[in-house]
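Below is a short report on a two-chain model, written to be read beside the sequence and the coordinates.

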Amino acid sequence: MAHCTTRLRSRPTYSWVGSPLLDQKLLYQTYKEMSVTSKGGSTETRIHVGQFVLVEGNDDENPYVAKLIELFEDDSEPYCKKRARVQWFIRFCEISVSKQHLLGRKPDEQEIFWYDCPACNSNIDAETISGPVQVIALAPHEVLPTELKNEKTFFVKLSWNEKNFKPLSPELFAELDKLQEGSPRCRESMETKNRSINSPSRTTAKRSVERIELRHSTSKSHQIPTHLVTPRARKRLELGSLPVTPNTGISQETSQVSLDSPRRSKRKVASEITSPSKKSQPDGLQTSSPAPKAPEETGEMRRSCAEQDEASRESRMVLRARVPALKTTEISQEITLDPIRGGKRSSVVPSVVLKPEVIRKREAQTPEAQDEAVSTPHRIRRKTSLLTLKRIRQQLRFLDNRKNDQEEEGKSDKEEEEFLPAAEITDSDSEEEEEEEASTPPLPRRMRSCVSRSPHSATKSSSHTPSKTPKKTPKPRTPHSATPQIRSRNLAARGPASVLEEARLSLHVSAVPDSLPCREKEFQDIYNFVESKLLDRTGGCMYISGVPGTGKTATVHEVMHCLRQAAHANDVPPFQYIEVNGMKLTEPHQVYVQILQKMTGQKATANHAAELLAKRFRTPGSSQETTVLLVDELDLLWTQKQDVMYNLFDWPTHKEARLVVLAIANTMDLPERIMMNRVASRLGFTRMSFQPYTYRQLQQILMSRLKHLKAFEDDAIQLVARKVAALSGDARRCLDVCRRATEICESSREPGSPGPVTVAHLLKAVDEMFSSAYITAIKNSSVMEQNFLRAILAEFRRSGLEEATFQQVYRQHVELCRMEGLPYPTMSEAMAVCSRLGACRLLLVEPSRHDLLLRVRLNISQGDVLFALKEE
Amino acid sequence: MSSRKSKSNNLIHTEYLSQVQRILRERFCNQTSHTNLFGIQVQYKHLIELLKRTAIHGESNSVLIIGPRGSGKSMLINHALKELMEVEDVSENVLQVHLNGLLQINDKIALKEITRQLNLENVIGDKVFGSFAENLSFILEALKKGDRTNSCPVIFILDEFDLFAHHRNQTLLYNLFDISQSAQTPIAVIGLTCRLDILELLEKRVKSRFSHRQMHLMNSFGFPQYLKIFKEQLSLPTEFPDKLFAEKWNENVQCLSEDTSVQEVLQKHFNVSKSLRSLHMLLMLALSRVTTSHPFITAADLMEANQLCSMDSKANIVHGLSVLEICLIIAMKHLNDIYEEEPFNFQMVYNEFQKFVQRKAHSVYNFEKPVVMKAFEHLQQLELIRPVERTSVNAQREYQLMKLLLDNTQIMNALQKYPNCPTDVRQWATSSLSWL
């Protein structure tokens, strides 16, 4: 990738250790460890799969923490071929500020969270890994051991899934816990390097081992006496060693049993469509099994776990029999199923913990389904779209090759994500998944992108277990999350230097005032309306009308701002705020797409989005919190059938929708005028209209904006307020006039002595903005053009009509010239004059193909023309 | 005088003259921003201040530059942008987007063009992400992300602004103006248009978001200034390789501008149109008459050029017609006189023509009816006559109602110049009753 080169400054060199494990099907090679040699070759660090690592990010102070799941070489990435798959941990400071309060306590400095977000991209450039780190898992109530509080140690207590903090699931916890405690044991054991199969001494972590073995045997259709290293165990191994944990024994019986299971053939099938993402699986088993097969087998294994509860019953029986031998795990072994399920789960984080109860089985399924739901869309993407996305990503990178590459990267990722086609959900249990997907909040990906984890690249694929259904994606998942952005400026914008410039800044329409003067009543009404709906947990509609520039949208924004603060302070229940603008849509039905996207982050076609939204708003219990929807420029959502408006106002009437719709438009009688009865009726009669500002209000607005600035004379402010109030009552106009007046004032005075803006300046500005240019245009037109206008007037007078053909006007023109002794124009010249005047719209003319017969009309009153022509 | 002198050093002149032609033609055609802005210094100052504020302070603005065709709108903005880009702080800090209403005929195309010019195009145009709706939300998102102090200002120049106002819902304009009035990426929207009623074209909410800054370029100079412009446009620059020739050339231009006949020509031209573009046209025609044997522009050249400029195109067509066709036109003229501009058909014209032929004993002009029909159709093809609208198509050709697209004065003028016009035809033209 292009920006790799920009960060070469003091890069260590990265190299693989050990021979690659080539996967024939997947065309890339996996490695078990990587060596990092710092610049001068002075120090060399080795990093294993399974270790916790620090990953370079935007923030040098706080590099990302992650667990290394897999190292592999990916030739499809042009620049950084060394890739790694990781499981992220998130620091408290990386969690978006708005969600930090969910923790409910002060986090410890060294505390990190298991990042449980499948949408997060876990595929990173291996060269961003900066070094190993220690991570210790703690029970939620445990106190952080003080003695371990050094820089390089982190503690995990909770997991964070972008919605809430949860305690680590038992298996996860045990797994992590195991890691740190088990390491010495592993180390000891690796010396033994025993080839013992069936060793009765297997004590812990049986599950994964068995699972792996199971896989082996099934795929090969005969039993291979293998001994495997559990990934978990390897994690703690020191470099260079190829350890075999003592607890990695394989029960031949088990494998045999599973071989006999009737569904074996199906597993085989499954194995053939294993996706590369499978490769994140424990590499441990490669030690003794034929290397190329490994990933595949893993996939198969998983497959079997997921699908074949029945089939493997027998094997489970065997496992159960074995239970007493498992010492370290507190597993209640009545459950036959769980070993496999648990094992499956552990393929990301090889887990040791068996689920204690049968009921857990269901639970185990749920996260998986969720995982599936979120990750499938990206996985199923067609090859072409993958390619495109890759290209896009690269080009985006080229686009802004600046120092904050990483940030940019994250953004582009997000962007791509957003442009991805809607997820096609192909999975078998799509019912459940869809549900899951729908309720996934939009935030995860976006927030993630702010954090921008992987500097280079990429693909943060699901950090979870690669889903049970292997997909054909030849590559790791494509990136998520990026927002298009105009590049930022190189030079900081200059601040205001004088009083006038400061005034101009605060007079700009975009300057958001602290409060909205003169709209207190409207503010209160809207606030009360929305607040009551929030408190009642119901929905409703409100229609807000008013001419442009009367502060409708600004007031609603202000209300939302206050309500959000109130929600923060727990005064009102939390709510989701969505804003759509009819003018920012290409077509009324696109409103569904926008709402859906802002609500859930999903992308869908208009029809599909409408269905999803309808489902969401009509299914009881589907929405946890109230949604406040602001529909600006409502009149543009009008369609022949009015189905868009109908839906927008119909949803809130469903009790379970909990939707509050605030509709804004210009005309007060819009509901009566353009809406069908059934639409207008659903809109209800909660109406509010914003009156145009009176001059006093405009004056107050200006005063409040210029509170502490002595830039305007009081008379001047009053003048402009009165002028604008008389014309339109548009606050924008008022501000623009004042802004222009400051410019006039500035240019009319000698620099360095900017005095206050006087009435004269304002008058000039008002004049400039409101006067029409017709008269000056006529005065400045050429002699022949003026004569032509005279001829038109004469012809109108002659015929008594307000319209004449060109031929008639031409004759008058010739006569006129004759009278005044001017050379009379040829037809072509007169025609040119006529079309010039027509282009300025002084005249209204027909297209010139009518030639002599084209009809001419004046676009301004005859009086104005006479007035303009007389003054010479 | 001078031409005779120069004959001696013909060879040198050839080279210089081709250079002169090149320099001046470039100047006339490309509208290269000239050193002097004629009569628009105030507007220029306003515009450059505005652009600088956008570029340096990140202040969003919108402005319309309004003026008739050829009044220098594009020159003004190009000049301002050029100067802006020469400012050191600015050149790296500003993005420009140029749109033209004649090219970007709808918002979809315009959005694509914007994305392309902002260098975001690689994301567009793909199947995955190519629909109009997506493009719009993409651009809006891109512009929304920015803020006043950190984002690179974007200057949008919308040429033929009035055509953008005809786009559906004025979505593009609304969004551009909305951004310029909200705390997003700083943008300056500059619209160029020749329509004085442009604000009436904007929808009320679009209009409300527009800042109502208007700059009018009205060609508000008088004839003395026009003369000065003429002089300046024709003079050679000081960096011309041969100083001596340049001096001579400029001297000649000076002489020309003082010549009364030249002034007359220019005055006449000025009276027709104040647009500098038409002046360029005049000078171009005069310049093309410059050769080695005729190395300096003379008053005669200018007069000739003026004549070419003001020539009536239809009269020229009439000069090339056959006598029969002329006769038909005369017949139509008489019909127009008699029936007061009522439409006629072929049969009427033919009858009128037959009357004329019968009056004259010698039947030189006695053509078969199909031949006359053919001539009539030829006139129609030349668009000297055109069928009246709303006539049924299935009417017989002879009876299709037609209107003459020539004025009486044009016909009479053309006849006077018509080569070898038979006397009796000319007499017939002056009076339909000449046989009396």
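## Overall content

The model is predicted. Chain A has 872 residues, of which 60% count as buried. Its secondary structure consists of 31 helices and 22 strands. Chain B has 436 residues, with 56% counted as buried, and its secondary structure comes to 22 helices and seven strands.

Contacts can also be sorted by distance along the sequence. Taking the contacts in chain A with a separation of 6 or more, 73% are between residues 24 or more positions apart. For chain B, the contacts with a separation of 6 or more give a share of 73% for residues 24 or more positions apart.

## Helix α26 of chain A

Helix α26 of chain A covers residues 759-770, which is 12 residues. From the first C-alpha to the last, α26(A) reaches 16 Å, close to the 16 Å expected at 1.5 Å a residue. Its buried residues are His761(A), Leu762(A), Ala765(A), Val766(A) and Met769(A). Seen down the axis of α26(A), these buried residues fall within an arc of 135°, so they line one face of the helix.

The cover over the buried residues of α26(A) comes from both chains. It includes α24 (714-727) and α25 (731-748) of chain A, together with β5 (213-216) of chain B.

## Helix α31 of chain A

Helix α31 of chain A runs over residues 862-870, and Val865(A), Ala868(A) and Leu869(A) in it are buried. Viewed down the axis of α31(A), the buried residues lie within an arc of 95°, so they line one face of the helix. Among the elements that cover them are α27 (774-779), α28 (783-799) and β22 (855-858), each in chain A.

## Helices α18 and α19 of chain A

Helix α18 (residues 590-600) and helix α19 (residues 606-618) of chain A have axes that come within 8 Å and cross at roughly 55°. That angle makes α18(A) oblique to α19(A). The crossing is left-handed.

On the α18(A) side, the residues in contact are Tyr592(A), Val593(A), Ile595(A), Leu596(A), Met599(A) and Thr600(A). They meet Ala606(A), Ala609(A), Ala610(A), Leu612(A), Leu613(A), Arg616(A) and Phe617(A) in α19(A).

## The loop between α8 and α9 of chain B

Asn169(B) sits in the loop between α8 (161-164) and α9 (171-180) of chain B. Its phi is near 60°, a positive value in a residue other than glycine. With 26% relative accessibility, Asn169(B) counts as partly exposed.

Gln170(B) lies in the loop between α8 and α9 of chain B. Gln170(B) is not a glycine, yet has a positive phi of about 55°. Is Gln170(B) buried or exposed? Its relative accessible area is 6%, and because the limit for buried is under 20%, Gln170(B) is buried.

## Gly39 of chain B

Gly39(B) is in the loop between α2 (10-30) and α3 (41-57) of chain B. Its relative accessible area is 34%, so Gly39(B) is partly exposed.

Which residues does Gly39(B) touch, not counting residues up to four places away in sequence? They are Ser220(B) and Gln225(B). Gly39(B) and Gln225(B) are 186 residues apart along the chain, and their C-alpha atoms are separated by 8.9 Å.

Technical notes: Residues are numbered from 1 along each chain as its sequence is written. Chains are lettered from A and ligands numbered from 1 in the order in which they are written. This is a predicted model: local features need pLDDT of at least 70, side-chain atom pairs count only at pLDDT 80 or more; totals for chains, interfaces and linings use all residues. Side-chain values use heavy atoms; hydrogens and water are left out. Buried means under 20% relative accessible area, exposed over 50%, partly exposed in between (1.4 Å probe, protein chains only). Helices (H or I, at least four residues) and strands (E, at least two) are DSSP runs, numbered from the N terminus. The arc is that of the directions from the helix axis to the C-beta atoms. Contact means heavy atoms within 4.5 Å. The expected span of a helix is 1.5 Å times one less than its number of residues. Axes are lines fitted to C-alpha atoms, for helices over the stretch in contact, and angles run from 0 to 180 degrees between N-to-C directions. Angles under 35 degrees count as roughly parallel, over 145 as roughly antiparallel, 65 to 115 as roughly perpendicular and the rest as oblique. A crossing is left-handed if the near helix is turned anticlockwise from the far one by less than a right angle, and right-handed if clockwise.
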